[in-house]
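Welcome! Please take a moment with the sequence and the 3D view before reading on.

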Amino acid sequence: MSGRSPLRLEELTSGRVVAGIVTGGDVTVVAVRMFGPTAAQVTYRRSDGTVEERILYEEDAERLAEVAPGTAGGGFDADPGLFRLASEALRIRMAARGDAMLAVATSLLDPLPHQIQAVYNELLPRTPLRFLLADDPGAGKTIMAGLYIKELALRGDMERCLIVAPGGLVEQWQDELLEKFGLDFTLLTRQLTDATIDGNVFDRHPRLIARMDALARSEDLQRLLGESGWDLVVVDEAHRMSASYFGTELKTTRRYELGRLLGRLTRHLLLMTATPHAGKEEDFQLFMTLLDSDRFSGRYRAGIHRHDVSGLMRRMIKEDLLTFDGKRLFPERRAYTVPYELSPAEQELYEQVTEYVRQEMNRAERLDGRRGNQVGFALTILQRRLASSPAAIHRSLERRRLRLEARRQEMLSGQSVANAASSPVPSVPAEDELDDLTGGELEDLEEQVVDAATAARTLQELEIAALSELERLAARVLASGDDRKWRELSGLLQDDPLLRDEKGLPRKLIVFTEHRDTLDYLSRRIRNLIGRPEAVVAIHGGTPRPHRRDIRDAFNQDPEVRVLVATDAAGEGLNLQRAHLMVNYDLPWNPNRIEQRFGRIHRIGQTEVCHLWNLVAADTREGQVFQRLLDKIEQQSKAYDGKVYNVLGELFEGEPLRGLLMEAIRYGDRPEIKSRLDQVIDARVGERAVELIKGLALDAHVMGLEDVEAVRLRMEEAQARRLHPHYVRAFFRDAFDRLGGHLRARESGRYEITHIPAVLRDTGRFGLGLGGVVQRRYERVCFDREKVTIPGAARADLIAPGHPLFDAVLEETVHRHEDLLTRGTVLVDASDAGARPRLLTALVQEVVDGHGRSVDRSFACVELRPDGTAHDAGPAPYLDYRPPTPREAEAAEALLKEVWLRDGGPARAMEWAVREAVPQHLNRTRERLLPVIERTRAQVEQRLRQEISFWYAQAGKLELDVAEGKKVRHRPETVAQRRRRREDRLRERAHHREVRRPLLLQ
């Protein structure tokens, strides 16, 4: 065996390079423990750095041979320039281990104290994560999730991520993650699923955004989902995953079961909602079982169980948030009710259309469920359009008449109303599923249903004549120009002092409407009023996403653009805090939409007091309901510092506002009905709102000035230790040039790339970049965040870790030159006048728990000396070293023959790490994690013991009742069985804890 000498077991010593311990390679012995002369426990390190252990016996010694010096280890003959390049590539790849906030430095945002505290104090330290982020609306939970996702990915702890959100938010998630973090996520659509023929769509796409209800309602999608695995699952609006007890039976929803499934499929689970607690502690604790089914085991019982969500949840209240300057983050918000009276012609139109709606509603109630829902939904829309504008109701009546006339022709040809092929009516989702539609989808659904759904079952029942008369009446109102609602808005635009700044210049205003016909009507009238068509822009559900962003940017940036008219589609992901004035021209029948609209301007970055005007027709039935509601909201807003707006969406749970409004329309002329509606509104916005506000305050965290200062200091420390753009630029330019690419300088600090080498485009297509695939060219790139956007120039891509091109360059560099790092090189520290060599080595340490899951990692460069001592060499000392001159290279030849360098140094490095670095790292990790583990263990045991005690008492009581001949709902044997199950669970967990508790080092 050339260059190899046979070995006996007792000759195995630390530092020797040995063949025969593993198949197909040499290993370096780290430690040996003898068990007599015939067996040895050997710890060894493979060439890839993996440390393993095995028992060798006397017969194994026949295969063992020592690898002679010079035949293994580093020869220190690698090209110094390429060695430094490969080292820098690996250092940058590991940068997140040393750069505490790399995601902040490589994203286009300036996070706030509460966001930094959430991501870096609450989320990242928990591995694996099970957590509920429950900050108020507008606190930037999407920003926090994006930072967490990117930080996990940069640290190598996440490759596969699934985001589950309501349908109206999925596009917002996709846009925000790409624009602010450079994270490329794919929307899960029916087309994407159908196109994935030869595989699982969830396996094929590692970063997906899916609609909550699309997953919850589809057994096929859930089957495919159940076959996949994820590193991280994020659920937005997670409170929709609800369950409740009815009597003694647990009733779960499809969304709740989806939550259970997701929890089983992922290592990290992050739930997000602004309303986790709807005032019912029992339902809240059921919801919390999605995060920890043991800690919240069994049914909540007041007086027995406690409300304790420590370590699992964070909630911050919007009004308490601070900036880094210690100032309140959100300004005050004020709302005004603007009542107006209809003109006589408008009042007549209102009464006639409302009577039509009431009659048709009565007929719809006699239809089957699906068709009755369609007609009821259509009539609700018609009533809302009546309240919206003369233009909206006129166009709606006209289109409905035309559709029904087409239906009449089909019936004359022999078809029934229900089977008329030319006018299919789509199904109407349940009330709680409407929010899963995007603004555009909801507008399209309303258009289709309101025009076609009818309660008529025969030719004679078609209401064409009635519609024709109503249409003529609406046309007269529209032609008269006497629109009292428009008069109020016009007066506001011309006369209200708030609409002009201190210099007398007009301020920007957002006008929200429910309907596209009203949007067109208002846009036209406001342009005529202002006298400049370019001063008014509009967004509705049919506006393409890229065009929406262009309109948003024009409104935010162009001083000539004064008014934005929008439907609720503008509430989906568009930040409009450039304005602080808003008008609800139409009030939404879903109160949650009021907060969503207000949240477009009352959000992070807003510095002005926000004002909202709500226009209400005081002499209509629904207007009276709205006026009562808004007056009550205003009272509660003053009493609770605006917090009532944060719970509007939960106020009418179980009795939707939509239903109350329709009840007012149909029966509001009855005094007893009007009185009941007033009582319901007073109770919902009174006691119910207070209950919700106090319930949410139970778990509220407050960041004081000291906490903000601590976060600021941490940010400064991270800034000092960050991966500086200078190093990123220097590495990229060198590596990109060596791979055949070239940067062309353009504006200061910005470059153009006209050609990307094919090898990099191929690497990008394998999904190594977080931001998608590598493009063929880039109009502009930069390395500093400040250079991404400059006036008059194209937006630049930020080249940094996570960008697909940067990651492709890095991975290709490592692939080509990683072997140089095992060979080693000679570099000269020109600042050191000494003659003794130092061995520079990089150490990666990882602590895993008893499940084999990584809980902490570290990366460091260490210099070792011949005497076995070592010191921290800083993040990248080799960047300050230079290649040796020929004379210095000759001197190095003699040094490289020293015994301590014969294997290239890994044994010496491992010995020092095991003796010094590893124990310190392990102790730090234990100090951080063991208190959390012990606290969770105690909480779980307490819950299980409480359950056991409860069922012991129940069993005893039932036995007495049976003995006394009383009738009981449960047999004592059943209760005893439940108690035994929990006792078994407690013993199982205790055993599992003892087996799995130790922290292991790998």
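This report walks through a helix pair, a group of aromatic rings and one glutamate.

Please keep in mind that this is a predicted model.

Let us start with helix α1, residues 80–93, and helix α27, residues 725–738. Their axes lie 11 Å apart, and the two helices pack at an angle of about 125°. That angle makes α1 oblique to α27, because angles that are not roughly parallel, antiparallel or perpendicular count as oblique. The crossing of α1 past α27 is left-handed.

Which residues in α1 meet α27? On the α1 side they are Gly 81, Leu 82, Leu 85, Glu 88, Ala 89, Arg 91 and Ile 92. Their partners in α27 are Tyr 727, Phe 731, Asp 734, Ala 735 and Arg 738. Sorted by class, this contact has seven nonpolar residues, one polar residue and four charged residues.

**A cluster of rings**

Phe 731, one of the α27 residues that meet α1, also takes part in an aromatic cluster. The members of this cluster are Phe 731, Phe 732, Phe 736, Tyr 751, Phe 783 and Phe 806.

| Pair | Distance between ring centres | Angle between planes | Geometry |
|---|---|---|---|
| Phe 731 and Phe 806 | 5.9 Å | 65° | edge-to-face |
| Tyr 751 and Phe 783 | 5.9 Å | 70° | edge-to-face |

Where do the partners Phe 731 and Phe 806 lie? Phe 731 belongs to helix α27 and Phe 806 to helix α29, residues 804–823, so their pair ties together parts that are 75 residues apart in sequence. Phe 731 has a relative accessible area of 3%, so Phe 731 is buried. Phe 806 is buried too, at 0% relative accessibility.

The pair of Tyr 751 and Phe 783 also links distant parts of the chain, 32 residues apart. Tyr 751 sits in strand β24, residues 750–753, while Phe 783 is in the loop between β25 (778–782) and β26 (797–798). With a relative accessible area of 11%, Tyr 751 is buried, and Phe 783 counts as buried at 4%.

**A glutamate to look up**

Our last stop is Glu 176, which has its place in helix α6, residues 170–181. Is Glu 176 buried or exposed? Its relative accessibility is 9%, so Glu 176 counts as buried. Leaving aside residues up to four places away in sequence, Glu 176 touches Thr 142, Ile 143, Phe 181 and Asn 575.

Key: Residues are numbered from 1 along each chain as its sequence is written. This is a predicted model: local features need pLDDT of at least 70, side-chain atom pairs count only at pLDDT 80 or more; totals for chains, interfaces and linings use all residues. Side-chain values use heavy atoms; hydrogens and water are left out. Axes are lines fitted to C-alpha atoms, for helices over the stretch in contact, and angles run from 0 to 180 degrees between N-to-C directions. Helices (H or I, at least four residues) and strands (E, at least two) are DSSP runs, numbered from the N terminus. Angles under 35 degrees count as roughly parallel, over 145 as roughly antiparallel, 65 to 115 as roughly perpendicular and the rest as oblique. A crossing is left-handed if the near helix is turned anticlockwise from the far one by less than a right angle, and right-handed if clockwise. Contact means heavy atoms within 4.5 Å. Ala, Val, Leu, Ile, Met, Phe, Trp, Tyr, Cys and Pro count as nonpolar, Asp, Glu, Lys and Arg as charged, and the others, Gly among them, as polar. Rings of Phe, Tyr and Trp (its six-membered ring) pair if their centres lie within 6.5 Å; planes under 30 degrees apart count as stacked, over 60 as edge-to-face and the rest as tilted. Buried means under 20% relative accessible area, exposed over 50%, partly exposed in between (1.4 Å probe, protein chains only).
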